[in-house]
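The sequence and model come first.

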Amino acid sequence: MENRTGLALRILFVGIGATLFMDIWAVAADSLFGIPQSNFSVVGRWTGHMLDGQFTHESIRRAAPIAGESAIGWTAHYVIGVIFVAAFVMIFGTRQLQKPSLIMTILFGVAMIVFPFFVMQPALGAGFMASNRPNPDFARLKSLMTHFSFGLGMYVAFWIQTKVFKPVETPVSSAS
């Protein structure tokens with residue numbers, strides 16, 4: 001890798017690309033199968049309330065609205081995607097920047113389901129693994145599909161990144 005700035009740009013590119021792929025997948029699932037898209041305003045509301053020290057809610061939908069919650073939620077959504085890609089590169093090394101692995105990216109995307117299941121959903125009032133939702137199995141399947149699509153999007157974005165950026169010269173990490 002030419003330098004840390006180059007690595008950061010690649011991670012940013014892949015994180016935004018993978019998240020965009022996931023969002024396109026969600027639009028397609030909504031259009032084709034009637035699976036409603038996620039409402040990132042609730043993520044913005046949750047984030048806004050965190051600034052006041054409130055991290056959990058009985059129901060985030062009944063919590064007081066936050067000014068700009070939709071923009072905050074969408075921004076958080078993309079920042080989280082970039083953070084997930086950065087974690088992936090830290091764990092598996094910069095080799096993925098040279099020759100991405102479909103299996104590794106999909107498995108990693110699916111593994112990241114632990115965050116909505118055990119952090120976000122309980123904090124938003126939906127319970128562990130959406131157990132408090134009216135149809136928890138549907139919510140679980142939707143989360144699984146979403147994270148699968150993020151992993152697939154990581155692969156696609158990693159592959160595109162190999163075509164857009166100059167070839168990787170030397171690895172940054174020893175885990176490459």
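Helix α7 gives the lining of the largest pocket its largest share, 7 residues. The model is a predicted one. The pocket itself holds about 1,200 Å³ of space. Its lining counts 41 residues, and those closest to the centre are Ser38, Met120, Gln121, Leu124 and Ser143. Two or more lining residues come from each of α1 (4-33), α2 (41-50), α3 (69-92), α6 (114-124) and α7 (136-164). By class, this lining divides into 21 nonpolar, 15 polar and 5 charged residues.

The second largest pocket holds about 180 Å³. It is lined by 17 residues, with Met22, Ala26, Gln37, Ser38 and Thr146 closest to its centre. Here the largest share, 6 residues, comes from α1. At least two lining residues are supplied by each of α1, α3 and α7. The classes are 10 nonpolar, 5 polar and 2 charged. Ser38 is named among the residues closest to the centre for the largest pocket and also for the second largest pocket.

**Gln121 at the largest pocket**

Gln121 is one of the residues closest to the centre of the largest pocket. Which helix holds Gln121? Gln121 sits in helix α6. Is Gln121 buried or exposed? Its relative accessible area is 11%, so Gln121 is buried: the cut-off is under 20%.

Two polar partners stand out for the side chain of Gln121. A polar atom of this side chain lies 2.9 Å from the backbone nitrogen of Ala130. The side chain of Gln121 also makes a polar contact with the side chain of Ser143, at 3.3 Å. Ser143, too, is among the residues closest to the centre of the largest pocket. With neighbours within four places in sequence left aside, Gln121 is in contact with Pro116, Ala126, Gly127, Met129, Ala130 and Ser143.

**Aromatic pairs**

The model has 12 aromatic pairs.

Phe84 lies in helix α3 and Phe150 in helix α7, so the pair ties together parts that are 66 residues apart in sequence. Both Phe84 and Phe150 are buried.

Phe92 belongs to helix α3 and Phe108 to helix α5 (residues 102-111), and the pair links distant parts of the chain, 16 residues apart. Phe108 has 7% and is buried.

Phe92 and Phe108 also belong to one aromatic cluster, together with Phe88 and Phe158.

Definitions and conventions
Residues are numbered from 1 along each chain as its sequence is written. This is a predicted model: local features need pLDDT of at least 70, side-chain atom pairs count only at pLDDT 80 or more; totals for chains, interfaces and linings use all residues. Side-chain values use heavy atoms; hydrogens and water are left out. On a 1 Å grid over the protein atoms alone, a cavity is a set of points where a 1.4 Å probe fits but cannot get out, and a pocket is an open set with protein on both sides within 12 Å along at least five of seven lines; lining residues have an atom within 4 Å of a point. Grid points are joined across faces, edges and corners, and a volume is the space filled by probe spheres set on the points. Helices (H or I, at least four residues) and strands (E, at least two) are DSSP runs, numbered from the N terminus. Ala, Val, Leu, Ile, Met, Phe, Trp, Tyr, Cys and Pro count as nonpolar, Asp, Glu, Lys and Arg as charged, and the others, Gly among them, as polar. Rings of Phe, Tyr and Trp (its six-membered ring) pair if their centres lie within 6.5 Å; planes under 30 degrees apart count as stacked, over 60 as edge-to-face and the rest as tilted. Buried means under 20% relative accessible area, exposed over 50%, partly exposed in between (1.4 Å probe, protein chains only). A polar contact is a pair of N or O atoms within 3.5 Å; within protein, one must be able to donate a hydrogen and the other to accept it, and residues adjacent in sequence count only if both atoms are side-chain atoms. Contact means heavy atoms within 4.5 Å.
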